[in-house]
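Subject: The structure for you to look at

Hello,

Here is the structure I promised to pass on. Please open it alongside this email, and I will take you through what turned up.

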Amino acid sequence: MKAARIHAYGSIDGAVIEDLPTPDPGPNEVLIRVAAASVNPLDLKLIQGVLAAYFPLAFPYALGTDLAGTVERAGPLAARFRPGDKVIARPEPLHGGAFAELAVVPASEIVAAPAGLPLDEAAGIPTAAGTAWQALFETAHLKQGQTVLIHAGAGGVGSFAVQLARSAGARVIATASAANADLVRKLGADQVIDYRAEDFAAKLRDVDVVLDTIGGETQQRSFAVLRPGGVLVGIVAPPNEALAKAHQVTAAFVFHKTDAARLRHIAGLCDAGSLKVVVDRKLRLTDLRAALGHVASGRARGKVLVLPAPR
């Protein structure tokens with residue numbers, strides 16, 4: 001089979017497609033034929049080694065942490081999964097292996113794919129939708145009637161967060177480029193602020209929750225729009241505690257954790273028609289560097305998917 005690996009920390013140029021033996025699933029594992037994998041900013045950080053203190057990779061390392069596909073065979077303790085089952089999974093970062101034709105994944109990290117989506121598009125769900133859910137509901141405890149500001153509402157996490165917040169009955173404000181404003185409104189935003197032409201910090205006050213997907217100056221300026229007692233959740237960098245204290249708000253950092261129960265619930269929302277995947281583009285595994293580069297540019301609209309070559 002073909003799979004993408006790196007042999008040392010470095011740049012995306014170090015990602016190479018190699019021919020490897022077909023892996024065998026262990027007792028609690030499942031062999032999945034990959035329909036698609038999705039690219040996340042996490043992949044870039046793993047390649048660069050900026051998370052080496054948390055995820056010390058063993059080289060060569062097989063890239064990719066989100067996938068959708070079809071079960072080929074399962075280990076004896078994972079027999080609830082049968083050949084032909086359509087599934088999605090988010091392997092732990094230290095395990096990786098999604099950018100491949102075949103992947104072995106622990107059964108505990110696999111759930112049934114939503115039937116209402118094309119299988120390849122379902123690969124865009126696990127990390128991005130899971131991060132949005134974890135930030136909005138498990139960390140910020142967003143409630144019906146509250147106002148939330150979501151930065152980069154057309155991005156991978158942002159596009160899911162807008163939909164989830166709207167479904168929860170919140171008033172949704174999102175930042176986006178003018179070119180993406182219509183998309184973000186269709187996803188459920190009540191108000192879209194063009195971050196290139198408007199100053200969100202001058203326009204907004206008394207927001208209950210801010211979901212910061214950008215970091216840096218955007219995060220620092222977001223404290224001022226919150227009401228006292230509000231919550232800022234960052235997913236790129238830990239928020240400044242001194243600024244949080246000065247503005248009398250709570251600040252938290254979310255790093256996505258694999259959770260099959262959460263992923264199963266999100267897949268159910270897709271089946272119910274209340275959540276969809278925004279796909280920026282689909283590229284072949286042989287074009288993985290281009291896919292990684294597009295995500296690195298920060299201009300991706302929704303998810304970038306990587307598909308193995310046709311069989």
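Asp206 sits in the loop between α6 (200-203) and β12 (207-212); helices (H or I, at least four residues) and strands (E, at least two) are DSSP runs, numbered from the N terminus. Its phi is near 60 degrees, a positive value in a residue other than glycine. Asp206 is exposed at 54% relative accessibility, where exposed means over 50% relative accessible area, buried under 20% and partly exposed in between (1.4 Å probe, protein chains only).

A word on the source: this is a predicted model, in which local features need pLDDT of at least 70 and side-chain atom pairs count only at pLDDT 80 or more, while totals for chains, interfaces and linings use all residues. Residues are numbered from 1 along each chain as its sequence is written, and side-chain values use heavy atoms, with hydrogens and water left out.

Back to the backbone. Most residues other than glycine have a negative phi, and most peptide bonds are trans. His141 also has a positive phi, about 55 degrees, although it is not a glycine. You will find His141 in the loop between α3 (126-139) and β9 (147-150), partly exposed with a relative accessible area of 45%. The peptide bond from Phe59 to Pro60 is cis, with omega near -5 degrees, and Pro60 belongs to the loop between α1 and β4.

The largest nonpolar core has 53 residues, and Ile125, Leu136, Val148 and Leu211 touch the most other members. Such a core is a set of buried Ala, Val, Leu, Ile, Met, Phe, Trp, Tyr and Cys residues joined through side-chain atoms within 4.5 Å. A second, separate core of 37 residues includes Val34, Leu44, Val105 and Ile110.

Helix α1 (residues 41-48) is worth a look too. Its buried residues are Leu42, Asp43, Leu44, Leu46 and Ile47, and among the elements covering them are β1 (2-6), β3 (29-38), β4 (61-62) and α10 (288-296). Just after α1, Gly49 takes a positive phi of about 85 degrees.

In β1, four of the five residues are buried. Four bridges join β1 to the antiparallel strand β2 (residues 16-19), with Ala3 partnered by Glu18; strands pair if DSSP finds at least two bridges between them. Two bridges link β1 to β4, again antiparallel, and Arg5 has Ala62 as its bridge partner there.

Last, the pockets. On a 1 Å grid over the protein atoms alone, a pocket is an open set of points where a 1.4 Å probe fits, with protein on both sides within 12 Å along at least five of seven lines; lining residues have an atom within 4 Å of a point. The largest pocket holds about 1,400 Å³ of space, a volume being the space filled by probe spheres set on the points, which are joined across faces, edges and corners. Its lining has 50 residues, of which Pro41, Ala152, Thr213, Ile214 and Val236 lie nearest the centre. The largest share, four residues, comes from α1.

The second largest pocket has about 190 Å³ of space. Of its 13 lining residues, Met1, Pro23, Ala62, Gly97 and Val104 are the closest to its centre.

Enjoy exploring!

Notes:
Contact means heavy atoms within 4.5 Å.
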